[in-house]
Each structure stands twice: as C-alpha cells, then as structure tokens.
Amino acid sequence: MKLYEPIKPYNEGLLKVSEIHQIYYEESGNPMGEPILFVHGGPGGGTSESNRQYFDPKHYRIILFDQRGCGKSIPSASIIDNTTQDLVNDIEKLREYLKIEKWILFGGSWGSTLSLVYAINHPDRVKAMILRGIFLGRKEDDDWLYQQGASYYFPAEYDEYVSIIPENERADLIKAYHKYLNSENTEIAEKAAYHWAKWELGLITLNKLPILEEILSDKKANLELARLENHYFINNIFLEENYILNNISKISNIKTIIVHGQYDMDCRPIGAYLLHKNLNNSVLRLIEASGHSSKEPNIAEALVDATEEFKNL
C-alpha cells in the first residue's frame, strides 16, 4: 500500500521531562484508536509531518515525539542530561501522561535501537513492534559507518567526510569530530555538523538524494543530528556492549515485524538478521533494491503493509 494522505495533529504540546528539557509530542488520527508511537532516528533526527502517513488515521491513535535536543523539543542540540536511559524514561513519562496502557512501537534506525531498549525495560507496556533499518548500537556498527566499512563503497564522499579532520586525528573519527562539533566557535561547530550530516545522509538512499544540499542548508537540523549522534556514539550509547542481544530474552515473544533494505549502507542487514534470529515471534522482510531511508518507495510500502497487518492484533 502507498502512504496515507497528510493529516494534522488534534493535540500537541511540550512535556517537561527534566529541569532542562521539554519534549514536543503530538497526536493525530483516531483519539480512540490503537495507540502507536513513532520513534524517530538519529539520535537527533526529529520528526516531520510525513511521519504520520504510515498509519491509517481511522484506526490508529498516532503519537509522534521529538527526542531531547531536536526537532521542536527544547533546548536545541543540547547534550546535557541526554542519555539512552533519559530517552527511555521520557517515553514512559509520555505514555503515562497520555494515559496509554500499552502501545505499538514503530521505530527506524536509531529509533529501532531506542524502541528495543524501551521494550527491554518496559516489556509489559509494548503490544508489538514494527522496526526498520535495525541498528544494534554495537561498536562494530559505529565503526562500519563512521570509521571504516561504508567508506569502501563511497570513497569520494568519505574523503570529504574526513577532510576537515587533521590526519593525525583520523584514527578515531568519532572522537575527533566530538571536539569540533562541540566547539565554542559556532562556525567550526556548524562546519563539522555539515560534513558529518552530509556523509550520513548521502548514504541513506539507494539512489543519490537530488536535494541533499537543500536538506543540508538547515544548520539547526545539521547540528542537532551531528552533535547528538556523536554524543551518543562516543559514549557507546550509554549501555554495555551488545546490550540489546544480551537482553533479548526479555522481549523475545513480542510480535515484531522487521523491515530492512537489502542494500542499507548505514545499518548493515546482518543486524536485522541477528535480531530476527533471536526473537521467537518476528518476521524479517529484507527489501530488494532499497537502502536505509523509510522514504525509499519499497520500504515505505512495506512499512504501511506492516501497520495494516497490525490492525488485526
């Protein structure tokens, strides 16, 4: 099925989750419908209006939120009090605030990671999961994207990505970028954010994004994405190595549909395969002729199909 028509939220606001942070949330679709939570990627990717279109608005109570430091949440690009456990707690606070007993999780990329970690911590609150572009948050997953791996497939783009880093700092690019992304000099931070975001966003689709430079013209979004991603990855997503697979038994029976592009260069298909192998109640759909983005036509269709299937839970 194709995406649903654009809709507007019937409820939106800011939820204070800490002394520093307020997170944006919204509800659209059917107020009495099946609650489903859209968990965006990044960290720092934020939500967009088109994210509502994967769900039948007559059936679903569609909930979107921007994680700490990005989108409409405030303050922007803040890494203070911003950890995986903080985000898990925020999701639980949002569930309680909206008076939802159980919900379906719909998460892609980093959103798949956060959905899985939330489910491991609150399995009794998760009815089912639809996960796309699986990122298991291991060191090898970070290294593949930001150090060496995807670099073999996009050598020219990788050269540009490393070009702003002095050669003697390139042995650990996540660490090197950390310094520049958090520089007090705004120009230095924005330049680093541009190059980090350009590297990643240049890999997410099977065919090159024709509007990549237009997307990268948003300096605020670049800084949110780059600074927050880097903050999480330099801290090993604030979890023990291989946390998800080590704790998978806690969620092994939750019904899960996994959608992953066969040629995903951001998050390798092996992650989706390993997750599927360790779950008792999952379906893995490797999508041909597709990369990482949820906007890839075949992936978008597979995601809508998954939400249609879950109408019968």
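**Notebook: salt bridges**

I began with Glu101, which is exposed, with a relative accessible area of 58%. The cut-off for exposed is over 50%, so Glu101 falls in that class. I am working from a predicted model.

I then looked up the partner of Glu101. Arg125 forms a salt bridge with Glu101, and their closest N and O atoms are 2.9 Å apart. This pair links distant parts of the chain, 24 residues apart. I placed Arg125 in the loop between helix 2 (110–121) and strand 6 (126–132). Glu101 sits in the loop between helix 1 (84–97) and strand 5 (103–108).

Next entry: Glu27 and Arg61. Their side chains meet in a salt bridge, 2.6 Å from N to O. I found Glu27 in strand 2 (residues 22–29) and Arg61 in strand 4 (residues 60–65), 34 residues apart, so I noted this pair too as a link between distant parts of the chain. Are Glu27 and Arg61 buried or exposed? I found both Glu27 and Arg61 buried.

Next entry: Lys198 and Glu213. I recorded a salt bridge here with the closest N and O atoms 3.0 Å apart. Lys198 belongs to helix 6 (residues 186–201) and Glu213 to helix 7 (residues 212–215), and the two residues are 15 apart. I list Glu213 as partly exposed because its relative accessibility is 40%.

Last, I checked for linked pairs and for the total. Arg138, Glu140, Asp141 and Arg268 are joined in a network of salt bridges. My count for the model comes to 23 salt bridges.

Key:
Residues numbered from 1 in each chain as written. Predicted model: local features only at pLDDT ≥ 70, side-chain atom pairs only at ≥ 80, totals over all residues. Heavy atoms only, no water. Salt bridge = Lys/Arg side-chain N within 4 Å of Asp/Glu carboxyl O. Helix = DSSP H or I, 4+ residues; strand = E, 2+ residues; numbered from the N terminus. Buried < 20%, exposed > 50% of the residue type's maximum accessible area, 1.4 Å probe, protein only.
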